[in-house]
Amino acid sequence: MPNWTIYVVHAVAWGIFIVARVIGRRATAAASPSDAPVTQAPAQPVIAAGSRSLVVLHSIAFTALYTGLGQAIGPDRVPIWWAGQSVAGAVVILGGAVLAAWALVHFRSWRFRAAIDAGHQLATEGPFRLVRHPIYVALNLFALGSAIWVPTRFEWFAVLLMCVGSDMRARAEERVLLAAFGDRYRQYQSRTARFIPGAY
């Protein structure tokens, strides 16, 4: 498929993400207090140290991702490693979007920053049964699929930045979740991988 269609795939992926976010927010607004699980956080807010900086790191990764795409696709300098790389890349990107959407529908307390406030709910259902941070896995897949489709050094560097940013944000979130939920979160950690089931 033509390389410029990666932008269409990205637009579809972001559209899926936004629709899932809207659905999740409406479900939160419509839920009654009796619908809330027993795994709610204490009333005192908890914010991870350096959480703003970690969001900035992810923003830099996305900037690198889109800069790399522009540098390769605009002047038609996309390396061809194998015939099906565009299809494989599209599948990985859209797979990440579906994973993110699945997570957002199940996670009523999603925030950009690693912060827990009154009523925050510990998500352990849906994709959270498989990994502790499915949204970050989805972002990593988004970058990985882009690098498979457009395999330049710049894109692979963006993948590295995205993965490092995801790992650092995940660890920061885990610290505040442990502070808020204690043993409940430790038990969840002990049975669920951070990013890759059975490996990490």
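Start by selecting Trp4, Tyr7, Val8 and Val12. They form a nonpolar patch on the surface, with about 400 Å² of accessible area together. Keep in mind that this is a predicted model. Now pick out tyrosine 7 from the patch. Tyrosine 7 sits in helix α1, residues 5-30. At 35% relative accessibility, tyrosine 7 counts as partly exposed.

**Stop two: helix α2.** Select residues 51-73 to show helix α2, then highlight alanine 64 within that helix. Is alanine 64 buried or exposed? Its relative accessible area is 8%, so alanine 64 is buried, because buried means under 20%. What touches alanine 64, leaving aside its neighbours within four places in sequence? Show Phe154, Glu155, Ala158 and Leu161: these are its contacts. Try the distance tool on alanine 64 and glutamate 155. They are 91 residues apart in sequence, yet 7.3 Å apart in space, C-alpha to C-alpha.

Stay in helix α2 and select histidine 58. Histidine 58 is buried too, at 3% relative accessibility. Leaving aside neighbours within four places in sequence, its contacts include Tyr136, Leu139 and Met162. Gly165, Ser166 and Arg169 are also among them.

**Stop three: helix α4.** Select residues 134-149. This is helix α4, with 16 residues. From first C-alpha to last, α4 reaches 22 Å, close to the 22 Å expected at 1.5 Å a residue. How many of its 16 residues are buried? The count is 14, so α4 is mostly covered.

**Stop four: charged pairs.** Side chains of opposite charge can pair when their charged atoms come close. The whole structure holds five salt bridges. Begin with arginine 129 and glutamate 125. Their closest N and O atoms are 2.5 Å apart. Arginine 129 is exposed, at 57% relative accessibility. Glutamate 125 is partly exposed, at 38%.

Next, select glutamate 174 and arginine 132. Their side chains meet in a salt bridge of 3.1 Å, N to O. This pair links distant parts of the chain, 42 residues apart. Glutamate 174 is in helix α5, residues 153-181, while arginine 132 is in the loop between β2 and α4.

Arginine 194 lies in the segment after α6, 20 residues from glutamate 174. Now check their cover. Glutamate 174 is buried at 4% relative accessible area. Arginine 132 is buried at 11%, and arginine 194 is buried at 11%.

Note on methods
Residues are numbered from 1 along each chain as its sequence is written. This is a predicted model: local features need pLDDT of at least 70, side-chain atom pairs count only at pLDDT 80 or more; totals for chains, interfaces and linings use all residues. Side-chain values use heavy atoms; hydrogens and water are left out. Helices (H or I, at least four residues) and strands (E, at least two) are DSSP runs, numbered from the N terminus. Buried means under 20% relative accessible area, exposed over 50%, partly exposed in between (1.4 Å probe, protein chains only). Contact means heavy atoms within 4.5 Å. Patches are made of residues with over 30% relative accessible area and no salt bridge: like charges are joined within 9 Å, nonpolar side chains (Val, Leu, Ile, Met, Phe, Trp, Tyr) within 5 Å. Accessible areas come from the Shrake-Rupley method with a 1.4 Å probe; for residues, only the protein chains shown count as cover. A salt bridge is a side-chain nitrogen of Lys or Arg within 4 Å of a carboxyl oxygen of Asp or Glu. The expected span of a helix is 1.5 Å times one less than its number of residues.
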